[in-house]
Amino acid sequence: MERGKGGGVALLSEDLLHNILSRLPALSYASAACVSRSWRRVAAAVLSCPKLASAISLNPSCQDAVKEVLDSVLSRPIRPHFAIACVGIKFNLENTHKLITKALGSTAPVITSFARGIIGNDAISEEFKEVRGVDFADLFSPDDKDEGIVLIVGFMPGMKIDAIPLLRELKKPCISLVDKFVMDVRDYSAAVSGCTSPTGIVMFWDGHADMKPVLKKMDYAMSMETVILGGGIGRFVYRSGHDSRNISGSAKDSCDAIALVFARDNDKPEGVGETRFHFALSTGVVPFGPIHKAVSVKVRGNRSDRSSWLTARKEGLNEVLDGERILHDIYDEIGNANASDDLFIGVTKRRKCSIGSEKVRWVTTLEFHGIKGGNEEYLFVYGDGIQTGDLFRFYLPDSETAMSSCSRVSEEFRNLKQAWTCKNSHHLNGGDKTEEVFGGIIFACCGRGESFFGRANVDSSPFLENFPGVPLAGIMCGGEIGRVDSSSPNLHEGQEESAPRSCVHYYGTVYLVMSYTPSPLQG
């Protein structure tokens, strides 16, 4: 029967049509929205709030695994505004990326990377799992995989999202274009939101790149309201929403890192509410031993294998110690002469920082360096950037510290929920909508997991316990990015920070909680 003649689909009430459309797979939903103006209006109401959909698959076939996670995340209405896919090292990265970008359309930014483990709900069984890669776990454990994929797809009305690369000139491979990267992020945010600091930045970085100086400048340049998190994952590929940022096959530049930038849309439609990002960090290392001061520093190696050779003295003493002596004293204290793979030093660095021609400011950071070893002359640590006179302490991974820290994160989330409950109960009397969590993303150190804690899913438990039924997914990585907010107010130009800040962590887990408050105009 023809539309408008009193029969067929015209007899469906808007409530019934809303119920039907909300159950359709994403592709069928998109087709239904094109049927008529009235259907488009109802379809818009179905997908009026932000949505995060995610799934993992441990299928050993790359093509089958990609199909499973795509079928899962697209089983309900969603319009992809961004996608993150992370795979085991036995999957072909480029083929995976092509399959996902083809399925999700040509406009949404997509980042596809290797991961050292995946976290999320299984696409078939719906069981929640934290699965670590076999090369970072017990080789005899049948549950650890190097195949598998996690896929995260987000719909974020009221936000503009794009992937912005940190480039490195191939002619000058030792120089990363950090200032340009930071200004690209700020320029993009300013163009779409009118503010140079975006709502959030999710970063993925090549394991060979040193992100410490990059994060120091980002921390310097962005408002404290900007949430910055991510992880070191090895190789990645990406597609930006703007062709000018896609450098695949470029003869001029390579890419050290990629930032998924979330900025408020200055031209968001009337009736769209407010999306907020919330950050939490679970630490997993504990300081011990005396404070040392670097006496001499030598830097050796190339970009991918840079190391620092140190001599030091204990603070307050005059004797200069070589690497063997320093490690001997430390191993005596911890009672483990084979701990070098899990030992770090945390170096307090006070340096000048600026972006472009902006005014220089002193900043103080706490940066971690893994221990390589030592001999009768020097202590060897990974990375560079240490100077004579810098103070450092040793840090050791500790499961009890990590467990206690997870409990504190859970308490943070409970307090967040209680604050919303109080605010929402007040607003409900006036008819306002309530703030709710719609998704979460997690980056956990690959050294944590069941073998570290003695039980499964510890890192995910703070989110799962406080926000049951809300999608959570993420990866295991090496070097977790998490910008820890200080208790002091934002610094004004010319002011110095009173305490060291740390943005790159080890044996940690970082959490992104995304919430949404509907506009009073939303029905």
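Student: In which strand does Tyr-382 lie?

Tutor: Tyr-382 lies in strand E17, residues 379-382. Keep in mind that this is a predicted model.

Student: Why is Tyr-382 called partly exposed?

Tutor: Its relative accessibility is 42%. Buried means under 20%, and exposed means over 50%. The value 42% falls in between, so Tyr-382 counts as partly exposed.

Student: What does Tyr-382 touch, leaving out residues up to four places away in sequence?

Tutor: Tyr-382 touches Arg-306, Ser-307, His-369, Gly-370, Ile-371 and Lys-372. Contact here means heavy atoms within 4.5 Å. Trp-309 is 73 residues from Tyr-382 along the chain, yet their C-alpha atoms are separated by 9.0 Å.

Student: What share of the contacts with a separation of 6 or more comes from residues 24 or more positions apart?

Tutor: In this protein, such residues account for 78% of those contacts. The protein has 523 residues, and 52% of them count as buried. Its secondary structure comes to 11 helices and 23 strands.

Student: Which residues of H6 are buried?

Tutor: They are Val-178, Phe-181, Val-182, Val-185, Arg-186, Tyr-188, Ser-189, Val-192 and Ser-193.

Student: What makes you say that the buried residues of H6 line one face?

Tutor: Look down the axis of H6. The buried residues fall within an arc of 155°, so they line one face of the helix. The face turned away from that buried side carries the exposed residues Asp-187 and Ala-191.

Student: What comes just after H6?

Tutor: Gly-194 does, and it takes a positive phi of about 85°.

Student: How does the reach of H5 compare with the expected value?

Tutor: H5 has 12 residues, 93-104. From its first C-alpha to its last it reaches 17 Å, close to the 16 Å expected.

Student: Which residues of H5 are buried, and what do they pack against?

Tutor: Leu-93, Thr-96, His-97, Ile-100, Thr-101 and Leu-104 are buried. Seen down the axis of H5, they fall within an arc of 120°, so they line one face. They pack against helix H4 (62-73) and strands E2 (82-87), E3 (110-114), E6 (149-155) and E10 (236-239). On the face turned away from the buried side, H5 carries the exposed residues Lys-98 and Lys-102.

Student: Now the open sheet. What is the order of its strands?

Tutor: The sheet has 6 strands in the order E5-E4-E20-E19-E23-E12, with mixed pairing.

Student: Why are E5 and E12 called edge strands?

Tutor: E5 (128-132) and E12 (274-282) each pair on one side only. From one strand to the next, the twist averages 10°.

Student: How do you know that E19 and E23 pair?

Tutor: Pairing needs at least two bridges. E19 (residues 436-445) and E23 (residues 509-517) are joined by 8 bridges, so they pair. They run antiparallel. For Gly-439, the bridge partner in E23 is Met-514.

Student: What joins E20 to E19 and to E4?

Tutor: E19 and E20 run parallel, with 6 bridges between them. Ile-441 stands opposite Ala-473 in E20. E4 (residues 117-121) pairs with E20 in the antiparallel sense over 2 bridges. There, Ile-119 has Gly-474 of E20 as its bridge partner.

Student: What makes E20 mostly covered?

Tutor: In E20 (residues 472-477), 6 of its 6 residues are buried. Cys-477 has 0% relative accessibility, so it counts as buried.

Student: How many disulfides are found in the whole structure?

Tutor: The search finds 0. Cys-445 has the sulfur of Cys-446 as its nearest cysteine sulfur, 4.8 Å away. A disulfide needs sulfur atoms within 2.5 Å, so Cys-445 is in no disulfide.

Student: What about Cys-477?

Tutor: Its nearest cysteine sulfur is that of Cys-445, 7.0 Å away. Cys-477 is in no disulfide either.

Student: Is Cys-445 buried or exposed?

Tutor: Its relative accessible area is 7%. The cut-off for buried is under 20%, so Cys-445 is buried.

How values were computed:
Residues are numbered from 1 along each chain as its sequence is written. This is a predicted model: local features need pLDDT of at least 70, side-chain atom pairs count only at pLDDT 80 or more; totals for chains, interfaces and linings use all residues. Side-chain values use heavy atoms; hydrogens and water are left out. Buried means under 20% relative accessible area, exposed over 50%, partly exposed in between (1.4 Å probe, protein chains only). Helices (H or I, at least four residues) and strands (E, at least two) are DSSP runs, numbered from the N terminus. The arc is that of the directions from the helix axis to the C-beta atoms. Axes are lines fitted to C-alpha atoms, for helices over the stretch in contact, and angles run from 0 to 180 degrees between N-to-C directions. The expected span of a helix is 1.5 Å times one less than its number of residues.
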